[in-house]
Amino acid sequence: MEKINAIITGIGGYVPDYILNNEELSRMVDTNDEWIMTRVGIKERRILTEEGLGTSYMARKAAKDLLRKTGVDPDTIDALIVTTSTADYKFPSTASIVLGKLGLKNAFAFDMWAACCGFLYTLDTAATMIQSGRYKKIIVIGADKMSSVVDYKDRSTCALFGDGAAAVLVEATTEQNIGVMDSHFRTDGKGLPFLHLKAGGSVCPPSHFTVDHRLHYLYQEGRTVFRYAVTSMSDDCALIAERNNLDKSNIAYVVPHQANMRIIEAVAKRLDLSMEQVMVNIEHYGNTSAATIPLALWDNESKLKKGDNLIFTAFGAGFVHGASYYKWAYDGASVAGAK
């Protein structure tokens, strides 16, 4: 029997209309454009401002864009997976809400929670499901409404994050040497004190105290997270590259998690790549957590050619980190007009 491979056959995306730029942010907290650009490389971020709309809304919009562009029959979708850290509710799953809104009749849905590594881990999970032969088409969505957990009185974190979603269709193929080729993932479990959302879970349920003390906002110890991220992402990419005989001559693009421009530059330097070989859109979207990698693909789809060697890499709360080697399956320019 021929080996089954898993390939991305389309990308859809969505970012909210409202743009929160550095000038406006500087009127909310003691910061300025130069400080933000020098340290993290973010000029603006998209914010979902409409009351009553959450992560599932953006995920659904991205999925609808994907279905429109690919023309796939919704009734042929086997599964839908949403990866997010900002679920609409503790339960039901955000994926179940998205599935219901899309009217997928023959699919099951679930969420995956791996912070900023969510898309990386979920794509690999979907690929394994496809490779098992039991599933043919799976929608993977990375989506986060980070503005819902950001304290806009905290100058150290409020400039970093934005909202957005992107979706990919993962399909089965018997074509060889294409799609998800290799992955290396790790979790060291030491990251809790340095990056967390203290209240709202079973350890510290919501109360007047947690609200009054602003414990429902993201906390990050920036220097420690930065150091771990640079080391982990650089080492993971180097390992994947060495294991698959990849170097600057045959890597088309590295697609990194968009958390900090200095982290991205450090990864490129470690691999001896030019910045032209790195997908970057952090300046316009900020850190959208699980959505950053698929949004980078969505933004740059027209540049991709069948057979391009890509390395995806990410780092997130936990600490979780990893890298994947992916060989692109279609010419993006052929669908650029559909965006």
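The points below go through helix packing, selected residues and backbone features in this predicted model.

1. Helices H7 and H8. Helix H7 covers residues 222–243 and helix H8 covers residues 261–270; their axes lie 9 Å apart and the packing angle is about 30°. Angles under 35 degrees count as roughly parallel, and H7 and H8 are therefore roughly parallel to each other. Their crossing is right-handed.

2. The contact of H7 with H8. On the H7 side the residues are Phe226, Ala229, Val230, Met233, Ser234, Asp235, Cys237 and Ala238, and on the H8 side they are Arg262, Ile263, Ala266, Val267 and Arg270. Sorted by class, this contact holds nine nonpolar residues, one polar residue and three charged residues.

3. Helices H3 and H4. The axes of H3 and H4 cross at roughly 50° and come within 9 Å. That angle makes H3 oblique to H4. The crossing of H3 and H4 is right-handed. H3 contributes Thr55, Ser56, Ala59, Arg60, Ala63, Lys64 and Leu67 to the contact, while H4 contributes Thr94, Ile97, Val98, Lys101 and Leu102. By class, the residues of this contact are six nonpolar, three polar and three charged.

4. The buried side of H4. Helix H4 runs over residues 94–102, and its buried residues are Thr94, Ala95, Ile97, Val98, Leu99 and Leu102. Among the elements that cover these buried residues are helix H3 (55–70), strand E4 (79–83), strand E5 (108–112) and strand E6 (137–145). Thr94, Ile97, Val98 and Leu102 are buried residues of H4 and also take part in the contact with H3. After H4 comes Gly103, which has a positive phi near 70°.

5. His257. This residue sits in the loop between strand E11 (253–256) and H8. Is His257 buried or exposed? Its relative accessibility is 3%, so His257 counts as buried. The side chain of His257 makes a polar contact with the side chain of Thr292, at 2.8 Å. Leaving aside neighbours within four places in sequence, the residues in contact with His257 are Cys116, Met233, Ile264, Asn287, Ser289, Thr292, Ile293, Thr313, Ala314 and Phe315. One of these, Met233, is also among the H7 residues that meet H8.

6. Most residues other than glycine have a negative phi, and most peptide bonds are trans.

7. Ala115. A positive phi is also found at Ala115, where the value is near 50°. Ala115 belongs to the loop between E5 and helix H5 (118–131). With a relative accessibility of 12%, Ala115 counts as buried.

8. Cis peptide bonds. Which residues does a cis peptide bond with omega of about 10° join? The bond is between Phe91 and Pro92. Pro92 is in the loop between E4 and H4. A cis bond also runs from Gly318 to Phe319, with omega near 0°. Phe319 is placed in the loop between strand E12 (309–316) and strand E13 (320–327).

9. Gln220. Strand E10 (residues 218–220) contains Gln220. The relative accessible area of Gln220 is 19%. Buried means under 20% relative accessible area, so Gln220 is buried. Not counting residues up to four places away in sequence, Gln220 touches Thr157, Leu160, Phe194, Leu195 and Val225.

10. Lys153. The loop between E6 and strand E7 (163–173) holds Lys153. At 65% relative accessibility, Lys153 counts as exposed. Once neighbours within four places in sequence are left aside, Lys153 is in contact with Val29 and Arg214.

Methods: Residues numbered from 1 in each chain as written. Predicted model: local features only at pLDDT ≥ 70, side-chain atom pairs only at ≥ 80, totals over all residues. Heavy atoms only, no water. Axes fitted to C-alpha atoms, helices over the stretch in contact; angles between N-to-C directions. Helix = DSSP H or I, 4+ residues; strand = E, 2+ residues; numbered from the N terminus. Parallel < 35°, antiparallel > 145°, perpendicular 65-115°, else oblique. Left-handed = near helix turned anticlockwise from the far one by under 90°. Contact = heavy atoms within 4.5 Å. Nonpolar A, V, L, I, M, F, W, Y, C, P; charged D, E, K, R; others polar. Buried < 20%, exposed > 50% of the residue type's maximum accessible area, 1.4 Å probe, protein only. Polar contact = N/O pair within 3.5 Å; in protein donor to acceptor, adjacent residues only side chain to side chain.
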